[in-house]
Amino acid sequence: MDCERVGDEGLRDGMMDVLYGEADAAVRACVEEHLAGCPACREEMARLRALRRDLAAWRLPVARPSFTPRGVVLPRWLAAAALLLLGFGATLGVTGYVSLRHALVAQEARASALERQHREAVQALAAARENRPVALDTAALLASLDARIDERLRANESRQGERLEQRLVDWEERAEAQRRVDMARVAASLSYLDGRHGQQLARTNELMGYVLEASQKR
Amino acid sequence: MGRSDEELVEACQAGEASAFDVLVARWEDRIRGAAFRFLGSEEEARDVAQEAFLKAYRALDGFKGEARFSSWLYQIATNLCRDRLRRRKTRATVSLEALEETGPGMVEMRPGAHERLLERDLAQAVRRAIHALPEEQREVIILKEYQELTFLEIAQALDVPVSTVKTRLYRGLGQLRLRLEREGVRSAAPLPATAP
């Protein structure tokens, strides 16, 4: 059996208000009065209420972290694993810290010893500098040294020049003496040949002329 | 007692930026939940919620308080979801049906495997039925049934008259009931009529 008020938007809106608890007293009274006398609409309201219960089954994924940022409940095995991992990590961390600490202490000791050595060396250098005699006039000293070196160089050059000149004179004297000896020997040889062959004499004279000419050129 | 949404909005408009953080903390879960029901994807729901708050923050100076802040926020989120659904239809790469099937954690864990299975089946049937509705009916049912907005708030969020909201809701509920009955869902069967 259909409702005689099918298509009545006012009644339908009122039923929606009642269904969702938004009806004021007047609307509620009006709808309830109608429902009391209309089995079709009573059935319709019952179906809608049942439908709303079904719709409530579609819930948000509460187990997903993105929708439950607060108060997430972990499984026990996961919590235990996390604790174990945390403990292992903490042990590693502590061990690492102790090792690092020891290494740092040793490094610090080495650095201190090195620093002490450097400091002592610097102090020794400072003391040596303080005990050094008064500084000389290095510029004057260098100028004097340069002058002495120049003087010696000049003396040396002069000496070398004199020696060279003397050697040249000696060499020329020896060469002249040798030339005279050679000429004397040639003359003696010519006088020996003079008495033997008349034809050879002219030849010998010619040859001697070349020899004399050559010796004079030298 | 904390400040109302409207007071926080005014504070934010006056330069108190931290007031918006309170609004985000207050509404983020619900906006994200609505987006998830519209889109069927947690990832997209997070993006939509984030984008909705960003848009709201940028447009906050223009918010005159003619509607409730929550309605305005739902309006922004609903429009973002519509855009995404349209793009999804255009690209035709991911279907809602496919997304619906990927949700093993959709039902709260309860004692009793059989009960849980029934709940899961029912939840999946409900999701399928709701996502099969026309968009305008689906929006109203999600905002009313799951976000528990008043008719007036829904009307403001969707920018339609209150009577239109009720009409869409009534028709949507009728469609849902038919679909669920077709799937043989237990409670959708008519109950014996009793006097109210």
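**Chat about chains A and B**

Student: In chain B, what share of the contacts between residues at least 6 apart in sequence join residues at least 24 apart?

Tutor: The share is 62%. A contact here means that the C-beta atoms of two residues, placed from the backbone, lie within 7 Å.

Student: And chain A?

Tutor: In chain A, 29% of the contacts with a separation of 6 or more come from residues 24 or more positions apart. Before we go on: this is a predicted model, where local features need pLDDT of at least 70, side-chain atom pairs count only at pLDDT 80 or more, and totals for chains, interfaces and linings use all residues. Residues are numbered from 1 along each chain as its sequence is written, while chains are lettered from A and ligands numbered from 1 in the order in which they are written.

Student: How many helices and strands does each chain have?

Tutor: Chain A has 6 helices and 0 strands. Chain B has 9 helices and 0 strands. Both kinds of element are DSSP runs numbered from the N terminus: helices are H or I with at least four residues, strands are E with at least two.

Student: New topic. At what angle do α2(B) and α7(B) pack?

Tutor: About 140 degrees, with the axes 10 Å apart; α2(B) covers residues 18–39 and α7(B) residues 135–146. That makes the pair oblique, the class left over once angles under 35 degrees count as roughly parallel, over 145 as roughly antiparallel and 65 to 115 as roughly perpendicular. Axes are lines fitted to C-alpha atoms, for helices over the stretch in contact, and angles run from 0 to 180 degrees between N-to-C directions.

Student: Which residues meet there?

Tutor: From α2(B), Gly33(B), Ala34(B), Arg37(B) and Phe38(B); from α7(B), Ile142(B), Leu143(B) and Tyr146(B). They divide into 5 nonpolar, 1 polar and 1 charged. Ala, Val, Leu, Ile, Met, Phe, Trp, Tyr, Cys and Pro count as nonpolar, Asp, Glu, Lys and Arg as charged, and the others, Gly among them, as polar.

Student: Which element of chain B has the lowest mean pLDDT?

Tutor: Helix α5(B), residues 96–101, at 49, while α7(B) has the highest at 94. pLDDT is the predictor's confidence in each residue, from 0 to 100. Chain B averages 83, and 82% of its residues score at least 70.

Student: Where does pLDDT stay under 50?

Tutor: In chain B, one stretch is residues 100–110, with 22 contacts beyond four places in sequence. Another is residues 191–196, with 14 such contacts.

Student: What does the model score for ipTM and pTM?

Tutor: ipTM is 0.77 and pTM is 0.55.
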